[in-house]
Amino acid sequence: MRMNVKPIPTISGRINEIRGLTAEIVNKEILPNENMLWAWHADRRVTDAELEQSRHLREEIKAKVKQVGLWAPHLPVEYGGAGLDFLEHAYMNEVLAYAVGAASLFGVVAPNSGNQTILLKYGTEDQKKEWLQPLIDGKMESGFSMTEPDQPGSDPRSLKTTARRDGDEWVINGHKWFTSNGKRADFFIVMCRTEDPDGPADRNGKMTQIIVPKDTPGVNVIRGVPVWGRDSDHCEIIYDNVRVPVTNQLGQTGTGHQAAQDRLGAGRVFHCMNSIGQMWRAFDLMVERAMTREVHGGKLETKQFIQGFIADSYIDIQAARLMTIHTAEKMEGGGDPRTDISAIKIFVPAAYIRVVDRAIQVWGAAGVSGDLPLAGMYEGARTLRLADGPDEVHKILIAKNVLRRYHDGQGWDFGN
Ligand SMILES: Cc1cc2nc3c(=O)[nH]c(=O)nc-3n(C[C@H](O)[C@H](O)[C@H](O)COP(=O)(O)OP(=O)(O)OC[C@H]3O[C@@H](n4cnc5c(N)ncnc54)[C@H](O)[C@@H]3O)c2cc1C
């Protein structure tokens, strides 16, 4: 089924144009070719000719994306990107996410895209030349190495990996895991607690992000940690007396935590818009199946249980979408969006799980098979509840922000 994207009267002409162009490529080029595009994921043996055909098709679609000016929406024009502003990018994501893997055909591939954004904001001109440009050109791959097995990732200030200053070098020691893209990466951005006896004392012990090429002696990629029962590229890595020049540090010493927050803030809105696009797809699949599958003497669509699924999913998607757009507009308008970001970070993945769960139920065995994208969506949605700040941490933040207002003698203003 095609994604039904029509102009929205309340948003700008440019955003409608971006949504329309994205939908055109998703509907015409990607959806009809989903199996061929990702042929190597197939459960059957794939021939070399099929692999070549799929590579060729991906390149053709990328060329079309570039032609309409939508390549790399997160990057400025001078770096070969589409130069979209925050709202344009957010609205584009819900359309892009409808098709499996479409984002990569538009030049947005995590964690490279997040690392590109960090390098753009915090990188020196030399760092941009050495790491950012090859990343953009597809000549390098990267990973973001923050989470540690022995410390809670949901409390990043507790991280133990250290970087000690020795002359013109940082010497890094630590144990990380779930560094995505770890096997393919050429370099990692590593979150370290920095100690510099000659530097400002107040910055010692604070976090700094440091670029570490993977082939530096002492970088040991131990394994890809299996995820959802399968091999993965989310890697466990030991950094053992790894020496890199101090010029590999990103931004000022001690700014690593802020840089990580920068990466996550806008990213959470983008992730939620992605989830909404995927929910939209699951919803279309569910309704389509309900209209065609006959059980117990009637189509599924005539059964009230299934009508309940449709109605509840409609409500979940609308609520998730409006909350996310409200948050994006607040961010764009310069308001304080922190409470709203936490609220969508909790609500949207939970709504996504509910919607996909109902779609799987309606499809029966096919719903959990590899023939449909629903099983992969379910795993992805469940993972979102703990990655990038688990639900509990965001609930604590919401409650703190609300209570602070009431302690100040004000109520909460839901109109703003
Ligand atoms: C597929 C995948 C990809 C990932 N990619 C990367 C990556 O590229 N780079 C990277 O650095 N990391 C990555 N991560 C790691 C991810 O960011 C962390 O798993 C996440 O931050 C949670 O940290 P943790 O696993 O250490 O859980 P913990 O911090 O140990 O938390 C465990 C649970 O404790 C509970 N909890 C936590 N705090 C509180 C509280 N205050 N009150 C009550 N309950 C609480 C929550 O339920 C939480 O889920 C990835 C993870 C996954 C699953």
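## Packing of α1 and α3

Helices α1 and α3 are roughly antiparallel to each other, a term for angles over 145 degrees. This is a predicted model, in which local features need pLDDT of at least 70 and side-chain atom pairs count only at pLDDT 80 or more, whereas totals for chains, interfaces and linings use all residues. Residues are numbered from 1 along each chain as its sequence is written.

The axes of α1 (residues 13–30) and α3 (residues 48–67) come within 11 Å and cross at roughly 160°; axes are lines fitted to C-alpha atoms over the stretch in contact, with angles running from 0 to 180 degrees between N-to-C directions. Helices are DSSP runs (H or I, at least four residues), and strands likewise (E, at least two). The crossing of α1 past α3 is right-handed, the near helix being turned clockwise from the far one by less than a right angle. I25, E29 and I30 of α1 meet I61, K64 and V65 of α3, with contact taken as C-beta atoms, placed from the backbone, within 7 Å. The residues of this contact divide into four nonpolar, no polar and two charged (nonpolar: Ala, Val, Leu, Ile, Met, Phe, Trp, Tyr, Cys and Pro; charged: Asp, Glu, Lys and Arg; polar: the others, Gly among them).

## Packing of α6 and α7

The axes of α6 (112–122) and α7 (residues 125–136) come within 10 Å and cross at roughly 150°. These two helices are therefore roughly antiparallel to each other, and α6 passes α7 in a left-handed crossing. On α6 the contact involves N112, N115, Q116, L119 and L120, and on α7 it involves Q127, K128, W131, L132, L135 and I136. Six nonpolar, four polar and one charged residue make up this contact.

## Domains and ligand shell

The chain is divided into domain 1 (13–108), domain 2 (142–254) and domain 3 (258–407), with bounds from an automatic or database domain assignment. Taken over C-alpha atoms, the centres of domain 1 and domain 2 are separated by 32 Å.

Domain 2 and domain 3 both give residues to the shell around the ligand, so the ligand lies between them. Of the 21 residues around the ligand, M146, P152, G153, S154 and S180 come nearest; a residue is near if its C-beta atom, placed from the backbone, lies within 6 Å. At least two shell residues come from each of β1 (142–145), β3 (169–180) and α13 (391–407). The shell comprises 11 nonpolar, eight polar and two charged residues.

## Backbone exceptions

Most residues other than glycine have a negative phi, and most peptide bonds are trans. F178, in strand β3, has a positive phi of about 60° although it is not a glycine. The peptide bond from A110 to P111 is cis, with omega near 0°, and P111 lies in the loop between α5 (102–105) and α6.

Definitions and conventions
Angles under 35 degrees count as roughly parallel, over 145 as roughly antiparallel, 65 to 115 as roughly perpendicular and the rest as oblique. Two residues are in contact if their C-beta atoms, placed from the backbone, lie within 7 Å.
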